[in-house]
Amino acid sequence: MKQEETTTLVLDVKDPQNRKEAIATAAAILQKGGLVAFPTETVYGLGANALNEKAVKSIFAAKGRPADNPLIVHISDREEVLPLVSSFSMTARLLAEKFWPGPLTMVLPVSDAVPKIVTAGLDTVGIRLPANDYARELISAAGVPVAAPSANVSGSPSPTSAEHVYHDLAGKIDLILDGGSCEVGVESTVLDLVGSVPVVLRPGGTPAEDLLRYLPDLVVPGLDVAEVEGIPRAPGMKYRHYAPQARLLLVAGAPEKVAATIRKEIASWQARGSKVAVLASRENAAGYKADVVVVLGGRERPQEAAQHLFAALRELDDSGADIILAESTDQSGLGYAVMNRLWKASGGDIIQAR
Ligand code: TXA
Ligand code: MG
């Protein structure tokens, strides 16, 4: 059955004159069971009242999201975690103090207050206190915890601007709060605190290096690992997250060798009549004679790469290229999350530069 289209309102929350009214309008929509896309420091979220089963159900419908993929519950103040979980350990308390508000989702034992549809029936729930002021104001004004996945159609890159959300979800949701571009650019780190050792289920905006300072026994799986000693990764990690129209080849190795290999690959694909795009570092971009070159950021600046990653992937898709050659990035800090997303976009198609 075809879903009925709704009119999607866009409100600019950046404009100080509009801010209060935009937040109040959005909060009222959430209270009535509607869907609001809102900015966070990582990516835009598609929010609904987490305690309203019907509202949460409509998130899955709007995104085309599989029902076995649980949602993160967003709060506006640390104390709001307590009714949502059945226990809150000393470790969780410490991490909340150090990393909230911020891009860290903690997976904790769920309480009875959270509807099953939010957690996909798991006995755990992912909780996050976002750092973005508009996000926290919205959640606080709504007065309820807000369940929110990334505000993209399932399978496309996460949105880092209101335009990305509009492109994917116009006609399917009630409102988009336009708060400008997201500053982190990759989704939150999902950290499991329920097992015998803490495990990073999804690398993201809080680097593992920072978590290790408080969690010396933290397990950080390799980029290509689907399961860690019997603990499945975040259910969402099993889905082919972002599958570009074009084939994406990730070129790994020492930086000088990567550039040389990409130059060779460009020539050989073009000789076969393919339209070739490159996802490049700023330092190397000028050296590529490809049909399309998209700059991700400075080679030693993973933060910049993270910020531009999803917009770059959308741009590459729009370019109509047949082949995308992506430089591997530095894996320190946010670089690990960037490489994780590129690895997934490549579907494991890696060229080792020698
Ligand atoms: O930065 C973010 O996390 C953004 C913003 C909007 O907050 N949200 C986001 O949500 O990326 P989503 O639904 O696109 O990704 C959530 C990930 C999925 O991989 C999901 O499987 C995992 O978190 N997850 C959620 N609850 C979980 C749980 N109880 N146990 C294990 N994994 C969980
Ligand atoms: Mg997502």
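V251 stands opposite I351, a residue of strand β17. Three bridges link β17 to strand β13 (residues 247-252), and the two strands run parallel. Two strands count as paired if DSSP finds at least two bridges between them. Helices (H or I, at least four residues) and strands (E, at least two) are DSSP runs, numbered from the N terminus.

This is a predicted model, in which local features need pLDDT of at least 70 and side-chain atom pairs count only at pLDDT 80 or more, while totals for chains, interfaces and linings use all residues. Residues are numbered from 1 along each chain as its sequence is written, chains are lettered from A and ligands numbered from 1 in the order in which they are written, and side-chain values use heavy atoms, with hydrogens and water left out.

**The five-stranded sheet**

- The strand order is β15-β14-β16-β13-β17; this sheet is open and its pairing is parallel.
- β15 (292-297) and β17 (350-352) are the edge strands, each with a single partner, so one side of each has no neighbour in the sheet.
- On average, neighbouring strands here are turned by 25° against each other, direction ignored. Axes are lines fitted to C-alpha atoms, for helices over the stretch in contact, and angles run from 0 to 180 degrees between N-to-C directions.
- Helix α10 (residues 302-318) packs on this sheet and touches β13, β14 (276-281), β15 and β16 (323-327). The direction of α10 makes about 160° with that of β15. Contact means heavy atoms within 4.5 Å.
- Helix α11 (residues 335-346) also packs on the sheet, touching β13, β14, β15, β16 and β17. Its direction makes about 135° with that of β13.

**Strand β14**

- Parallel pairing joins β14 to β16 over four bridges. Within that pairing, I324 of β16 is the bridge partner of A277.
- With β15, β14 pairs in the parallel sense over five bridges. There, S281 has G297 of β15 as its bridge partner.
- Six of the six residues of β14 are buried, so the strand is largely enclosed by the rest of the structure. Buried means under 20% relative accessible area, exposed over 50%, and partly exposed in between (1.4 Å probe, protein chains only).
- Both faces of β14 are covered. V276, V278 and A280 are buried on one side, and A277, L279 and S281 on the other.

**V258 in helix α8**

- Helix α8 (residues 255-271) holds V258.
- V258 counts as buried because its relative accessibility is 3%.
- Neighbours within four places in sequence aside, V258 is in contact with V251, A252, G253, E327, S328 and A353.
- K54 and V258 are 204 residues apart in sequence. Their C-alpha atoms are 50 Å apart in space.

**The ten-stranded sheet**

- This open sheet of 10 strands runs β1-β8-β2-β3-β7-β4-β6-β5-β9-β10, with mixed pairing.
- At its edges stand β1 (9-12) and β10 (199-202), each with a single partner strand, so one side of each is left without a neighbour in the sheet.
- Strands β2 (residues 36-38) and β8 (residues 175-178) pair in the parallel sense over two bridges. V36 has L175 of β8 as its bridge partner.
- Helix α2 (residues 53-63) lies across β3 (45-49) and β7 (146-147). α2 runs at about 155° to β3.

**Helices α1 and α5**

- Helix α1 (residues 19-31) packs against helix α5 (residues 133-142) at an angle of about 50°. Their axes are 8 Å apart.
- That makes α1 oblique to α5. Angles under 35 degrees count as roughly parallel, over 145 as roughly antiparallel, 65 to 115 as roughly perpendicular and the rest as oblique.
- The crossing of α1 past α5 is right-handed. A crossing is right-handed if the near helix is turned clockwise from the far one by less than a right angle, and left-handed if anticlockwise.
- From α1, the contact uses R19, I23, A26, A27, L30 and Q31. From α5, D133, Y134, E137, L138, A141 and A142 take part.
- By class, this contact has eight nonpolar, one polar and three charged residues. Ala, Val, Leu, Ile, Met, Phe, Trp, Tyr, Cys and Pro count as nonpolar, Asp, Glu, Lys and Arg as charged, and the others, Gly among them, as polar.

**Backbone features in loops**

- W100 and P101 are joined by a cis peptide bond, with omega about -5°. P101 lies in the loop between α3 (90-99) and β5 (104-109).
- A120 is a residue other than glycine with a positive phi, near 55°. The loop between α4 (116-119) and β6 (124-128) contains A120.
- With a relative accessible area of 27%, A120 is partly exposed.
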